[in-house]
Each structure stands twice: as structure tokens, then as C-alpha cells.
Amino acid sequence: MTLSTAPRKVRAPGQELRRPAAPGRRRSVVLWPYLLIAPTVLGVVFLLVYPLLRNVQLSFQNFGLAELIRGGAEFVGFDNYRELLTGQEFWDVVQRTLIWTTVNVVLIVALATLVALMLQRLGRTMRILVMSALALAWATPILAATTIFQWLFASRLGVVNWVLVQLGFESYEGYSWFADGTATFSILVILVVWQSVPFAAITIYSALTTVPAEIYESARLDGASDWRMFRSLTVPILRPIFGLVLCLEVIWVFKCFPQIWVISEGGPNDATTTLPVYAYQVAVSQQHYDLQAASSTITVLLLAVILFVYLRQLFRQEGEL
Amino acid sequence: MNPRAQLRRLPLNLAALAVFVVTIFPVYWMTSTAFKPSGDINADTPVFVPTSLTLEHFRTAVAADGFGTFWRNSLFVTVTAVLLALLIAMGAAFAVARLRFRGKRGFVLMVFIAQMAPWEAMLIPVYIIARDTDLLDRLAMLTLLYFIFTLPFTIITLRGFLAAVPVELEEAAQVDGCTRLGAFRRVTFPLLAPGLLATSLFGFITAWNEFAFANMLIVKNQEDRTLPVWLSSFSNTFGTDWGATMAASTLFALPVLILFLVLQRRVTTGFVSGSVKG
């Protein structure tokens, strides 16, 4: 303050300008944030970091049912990884996982974009109607939805078969979807897309609504065509949100487990065995916990790459942490 | 609107109608099957509008072995986990949004990573940890897990909501003689309440849905199973009694759907500010 007239000590070079606070008070100010975040850090360390490290450890051990019960697993180096990576089965699973992820994510993002663009153009009543339907589908619990789809595609009395027969596809009379690999795969894709589109659509739609309508109007006044406006206005606006939705969906679809497990347990003939399902099979049915750990570690590494891209995009968009 | 403009909008509205039908039909089919008499369900031509309504299937589902117990288990685990997450997240979110401290960036990064963590990949280590800490077959372990599943998201969302409350409001209260905690409780917390509700819904859905760990960690003690696991093995319980199965699914979906309808407006906002804007 300019009013203080008392002569001040000259500050030594490098000395802090800040006034030293009373020691007790200052301490408590510094401690508070750490106390507040401590439970979170502890929880993450105990339930995320520790299991992850334990998983890596398992993947370098010979760990089967005997070791699970008695303990005393021996270190085997890269044997588990070698066994996984040299076998054809694992690569089939990886390939299937990539196909599964690509098909789902492309469908989800494409459909969600179309729905979002549609929502933007709808009248009020129609929009509320569609939004409510989306919200309802989104809120339906995963396992309830899974059960519903089993019923929709049931071979006897299933409504899908009935519709197909009505449309003239007589061969679907009593067709059992879950006996065929491709059919089961397709049903799972439909299920996951049905469950995921609402979130993506509403997110993209919200991004669209952040653009003031005046911008579109003035573009139209300047003579821009619909396509031109889409390309030069909508796409650039959507790009960051697009990146985020894309990464989120990739991670979610990649990790997707309960739907597949409940409907097909990875069958028939492994047609729906993606990486998470494979890991579960290896662990629960074959008790090869070491192989499961190796496969999980590879999964985690793959996901880490996607996660890195996602976080970079997120923070670039946020600007600050 | 003149007829020609209406005609031009027809394809758009038809598309909207198609989206509406495809989106809503599975949910409609679940509830209508649950309320239909068995005669309608077993008809060769599907009955789209039930001839009459019955609670028979709900009676079957509720009377089924352990349904009540599992329902209670699920509710207990979910609610406890969500409340715990809210409590802990509030502190963490407050620290991140309002206080300055070293390591904040690192902490936020950790939370974001934890939010996307591949939990399913850690079934076996978590199983071993649960066994070694004597938490196998206990609802406490599930509660703890669901708490940590929902915690990162809750922190991120609450941090967003907190940042939206001007810090000046708190400072004004402090000038008027409130303690910092008092200012938070009296001024910020009421403003935060809608955010808390929306956030808790997301946590609720995550925990209510969880299947892989519930299936893996509750093995011997069947009494402690949760609804998703029970629902997944419905065929053992009901064979092909689709009426009862759909009634059970409806009962399973009910808490989420009710919460959702009640909170819908706030939730759509939370949707966006929570998971995307961070």
C-alpha cells in the first residue's frame, strides 16, 4: 500500500518477495488440498495401479490353478508372451477385435452424425420425441438391452424373424441367429450400435447447437449452398468433438465385454471372441491366469495408445488442465 | 407452415420417425412383453398392441429364487458406491477447482486416465487381491470397486460444475463472516445440487450395470450376487418364459429409467459438460 511510510529492509537478491505467513497457518493451507485428494489417490493406487502391476507380474510367471491356490509361482520371463504371440489363435483374436472395433465405431459415428444433423433440422415436437427415445435407449441397462435383443432375435416367436418372413424372406422362418457366427456377430454389432448412438448423437448435437444460427444465416445470405455450409461450417465446428467421440467410442467398443459374454460367450466357433472375451475365456475356462495376464497387458498397451490420443485431443481442446 | 414447405419437410420427418421407432422399439417390446398375457406372447403373429394387461409375469419374476435379495444387493452396492464416490469426489473436485497446490496437473491427469482405465483387463489380479484381503464373496469388495469405477467421472464432472460457480460468491460469504467450509456448504453446495444429481445418475448406471466383476468375485456366496449376474443366467431360471424374462429386465431397468425421467433435463446438460468438456 502506498500509505505505508515505514522504511523497508532492502530485499536481498533472489530472496522471496512473499511475506512469510505464520508457520502454523501456512502449513494448514498447504496441507488441505493433499488431504482432500488423498482418498482418491489411495483408491486409484490400491484398485488400479496395484492390480496393473500385479497383472504385469503375473504375465511373467507360470501361474495356473495350482499357483492360485498354493501360491509360489515361478518366474518364466517372456514365455507367456512367446506362447501367445507365436500362436495363430491370438492373432485371429486381435484381427477380430480390430474388425469388431472398426465396424462398430464407423457405424456409431456415422449414424450419430446423421441423427445429430437431423435433430438440428427437426421441428420442436419431433425433436423432443426423438431425443426422448434416444435418452430411453441410452438409459436402458446393458444387460436388460442384451436380454431384449435375445428375445427380439429368438428363433421361435422372435419378432425379427417374423418381420423378415413378412418381407418375403421365407428362409428366416424359425432361423436361429445364435447358431451362426456371422449372424451372432451382426446381432452384437446392432446391439452395441443401438446402445452407443444415443450418447454420440446427443453429444454431437449439443456441439452443433453451440453455433449461433446467425452464422448459418449470413452464410446463406452470402449464397453458400447446403453442401458448402456443411463442409465449411459444420465440419470444422464438429472436428474437435468428433475426435473426442471417436476416441471414446473406440475405447468403449474395444473393451466391450458383458454383451458378448452373455449372448455368445465368444462363440459360435470363436466368431465373436474379441480380446476381452478371449482373456476371460483363457482365465475362467482354462485357468491359464498367466496367459490371461499377458493378453491383458497387451490389451492395456493397445488401449494406452488410443488413450494417449484421446487425452491429447481433450487437453488441446480444453486449453488447460 | 404452407403445404409445400410441409411436403418438403416430409422426408426429414419420415427419417425422424424411423429413428424414433428403431430407437424406442426394443424398450417398448420389453415392457409390452412384460405386461402381455402369455397367449399374446406365444401367438405366431406378434401382437404389437397387447390385447389385455397382466401382472402375471412380474409375479413370476418376483417370486423367482432370490430375486428380492439380488435386487436389494444391487441397490445397496450401487447406492453406497455412488454416495461414497460423491463424498470423496466433492473434496477432490474442490481441491482441483479452488485450491492451488503442487502436483495438481498430475492429479487431474491421473483422474482422466483412471476414467478410461481398462478395468476388465484386471479381473484376475483384482480377484487375487480380493482373496488375499479376505474380501472375496463380499459385497464390500464390489462396493469398493464400483466406487473407484465411478469416482474419476464424478470428480471430472463435479470439477466442471464447481468451476461454473463463481468463486466470488464464496469470497463474499467469507467476507460476511463465514468460514471457508461454511461458505462452501451454504453458498456453493446448493448451487451444485443439480450437478450432483446428474453426476450421481451416471455413477448409478455404471454400478447398476456392472457384470464382469460381479460375476467373477461373487462365487461361493450365492446370496450376495447382484441383479446383472442373475439376469444373465435367466435361461436357467426361466427357460424360454419370455414374459417373465422381460418382466425381470423391466424391473432391472426400472430404477435407472425412473431416475432418468426425473432428472432428464439436468442430465442432458451433464452429459455434455461432464464427459466431453471435462
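View 1. For "transmembrane region", UniProt (unreviewed entry) lists residues 29–53, 98–119, 128–154, 174–194, 237–254 and 293–311 of chain A. The coordinates shown here are those of a predicted model. Take two of these stretches. Residues 98–119 of chain A are 100% helix and 0% strand, and their end C-alpha atoms sit 31 Å apart. For residues 128–154 of chain A the figures are 85% helix and 0% strand, with 32 Å between the end C-alpha atoms. UniProt also has a "domain: ABC transmembrane type-1" feature (unreviewed entry) at residues 94–310 of chain A. Across that span, the chain is 79% helix and 0% strand, and the end C-alpha atoms are 21 Å apart.

**View 2. Chain A as a whole.** How many helices and strands does chain A have? There are 13 helices and two strands. Of its 321 residues, 39% count as buried. If you look at contacts in chain A with a separation of 6 or more, 68% of them join residues 24 or more positions apart.

View 3. Most residues other than glycine have a negative phi. A:Leu157 isn't a glycine, yet its phi is positive, at about 70°. This leucine is found in the loop between helix H6 (142–152) and helix H7 (159–166) of chain A.

**View 4. A:Gln287 in its loop.** Zoom in on the loop between helix H12 (275–285) and helix H13 (289–318) of chain A, and you'll find A:Gln287. With 16 other C-beta atoms within 10 Å, A:Gln287 is partly exposed. What does A:Gln287 touch, leaving aside its neighbours within four places in sequence? The contacts are A:Gly64 and A:Leu65. A:Asp92 is another handy reference point: A:Gln287 is 195 residues from it in sequence and 21 Å from it in space, C-alpha to C-alpha.

View 5. The secondary structure of chain B comes to 14 helices and zero strands. Its C-alpha atoms fill a box of roughly 70 × 70 × 35 Å along the principal axes. Of the 278 residues in chain B, 44% are buried. Among contacts in chain B with a separation of 6 or more, residues 24 or more positions apart make up 76%.

**View 6. The two domains of chain B.** Chain B splits into domain 1 (3–41) and domain 2 (68–275), and the C-alpha centres of the two domains lie 32 Å apart. Where they meet, seven residues of domain 1 are in contact with six residues of domain 2. On the domain 1 side, H2 and helix H3 (38–41) of chain B are the elements that give two or more residues. H2(B) supplies the largest share of that side, with four residues. By class, the domain 1 side has three nonpolar, three polar and one charged residues.

**View 7. The chain A–chain B interface, seen from chain B.** How many residues of chain B are in contact with chain A? It's 72, and they meet 71 residues of chain A. The elements of chain B giving two or more residues to this side include helix H2 (10–35), helix H5 (67–98), helix H10 (180–209) and helix H14 (242–275). The chain B side divides into 57 nonpolar, 13 polar and two charged residues.

**View 8. The largest nonpolar core, around A:Ala201 and B:Ala89.** This core has 163 residues, and A:Ala201 and B:Ala89 touch the most other members. Helix H8 (residues 139–164) of chain B brings the largest share, 16 residues. Domain 1 (3–41) and domain 2 (68–275) of chain B both give residues to this core, so it lies between them. Not counting residues up to four places away in sequence, B:Ala89 touches B:Leu151, B:Thr154, B:Ile155 and B:Leu158.

Definitions and conventions: Residues are numbered from 1 along each chain as its sequence is written. Chains are lettered from A and ligands numbered from 1 in the order in which they are written. This is a predicted model: local features need pLDDT of at least 70, side-chain atom pairs count only at pLDDT 80 or more; totals for chains, interfaces and linings use all residues. A nonpolar core is a set of buried Ala, Val, Leu, Ile, Met, Phe, Trp, Tyr and Cys residues joined through C-beta atoms within 7 Å. A residue is buried if 20 or more other C-beta atoms lie within 10 Å of its own, exposed if 12 or fewer, and partly exposed in between; C-beta atoms are placed from the backbone. Domain bounds come from an automatic or database domain assignment. Two residues are in contact if their C-beta atoms, placed from the backbone, lie within 7 Å. Ala, Val, Leu, Ile, Met, Phe, Trp, Tyr, Cys and Pro count as nonpolar, Asp, Glu, Lys and Arg as charged, and the others, Gly among them, as polar. UniProt positions are given in the numbering used here, feature names are shortened, and annotations may be inferred rather than shown by experiment.
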